[in-house]
Amino acid sequence: MTSTSSPTTDTAARKAVVVLDYGSGNVHSAVKALESAGAEVELTRDPDAVLAADGLLVPGVGAFDAVMRQLTAVRGDELIDRRLAGGRPVLGICVGQQVLFERGVERGAETEGLGQWPGIVRELHADRLPHMGWNTVDAPEDSVLFRGIEHERFYFVHSCAATEWTLEGRTEATRPLVTWAEHGERFVAAVENGPLSATQFHPEKSGDAGIRLLRNWIDSL
């Protein structure tokens, strides 16, 4: 796996990242991973802190509909919209990526997502679910998130994913960068779309490669 260097020790020079505290179960591991990647991290749902931070990380575990209920209960949907309207970076992970799409269909329940990207999140057509464990990804050459870790493996735990991508950029410079992986069928493993990025896998559980990905994101803030 890719080795990492020690995080920046000068607190004043660190980027401020908020992990949105809305009830998701993997927040503390995400906080620790971001700190290891060199960020100054705060776990909060305070709107002022969320809007002021250099970066916002939206974690997510569990069912699509439950995550959407928890997010909207703390007005997370509005805060994400406001950040993106101002060009302020947001990173979603796992179900935090899934809810960025228009809809989720899980166990017969259809739930409206945040609608940042068109498309439906649904159960993968695979012999074994959940997709749990390490997997490689197919990242575009000009990816920022995967710079230096293009051939590493990342840790996935999910049964549902987006399997199609239909949003196109208006110019080559603004086109979204989509990373793919495969488990039974191809699915969206990560997206880089201006200030909005996301990963289906868990960077905080992906060892040195995951820390490097988070550092790449932090360095872009």
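Predicted model: local features only at pLDDT ≥ 70, side-chain atom pairs only at ≥ 80, totals over all residues.
An open sheet is formed by 7 strands, in the order 2-1-3-4-13-12-11, and its pairing is mixed. Strand 2 (40–44) and strand 11 are the edge strands, each pairing on one side only. From one strand to the next, the twist averages 25°.

## Burial of strand 12

Strand 12 spans residues 185–193. Of its 9 residues, 8 are buried, so the strand is largely enclosed by the rest of the structure. Buried here denotes under 20% relative accessible area.

## Pairing with strand 11

Strands of a sheet pair through backbone hydrogen bonds, either parallel or antiparallel. Strand 11 (residues 177–183) and strand 12 run antiparallel and are joined by 7 bridges. Along this pair, Val178 stands opposite Val191 of strand 12, and Ala181 has Phe187 as its bridge partner in strand 12.

The two strands form a hairpin with 1 residue between them, in which Gly184 takes a positive phi near 80°.

## Pairing with strand 13

Strand 12 also runs antiparallel to strand 13 (residues 196–199), to which 4 bridges join it. Here Glu192 has Ser197, in strand 13, as its bridge partner.

Strand 12 and strand 13 likewise form a hairpin, with 2 residues between the strands. Gly194, in the turn, has a positive phi of about 65°.

Terms used
Residues numbered from 1 in each chain as written. Heavy atoms only, no water. Buried < 20%, exposed > 50% of the residue type's maximum accessible area, 1.4 Å probe, protein only. Pairing = 2+ DSSP bridges. Axes fitted to C-alpha atoms, helices over the stretch in contact; angles between N-to-C directions.
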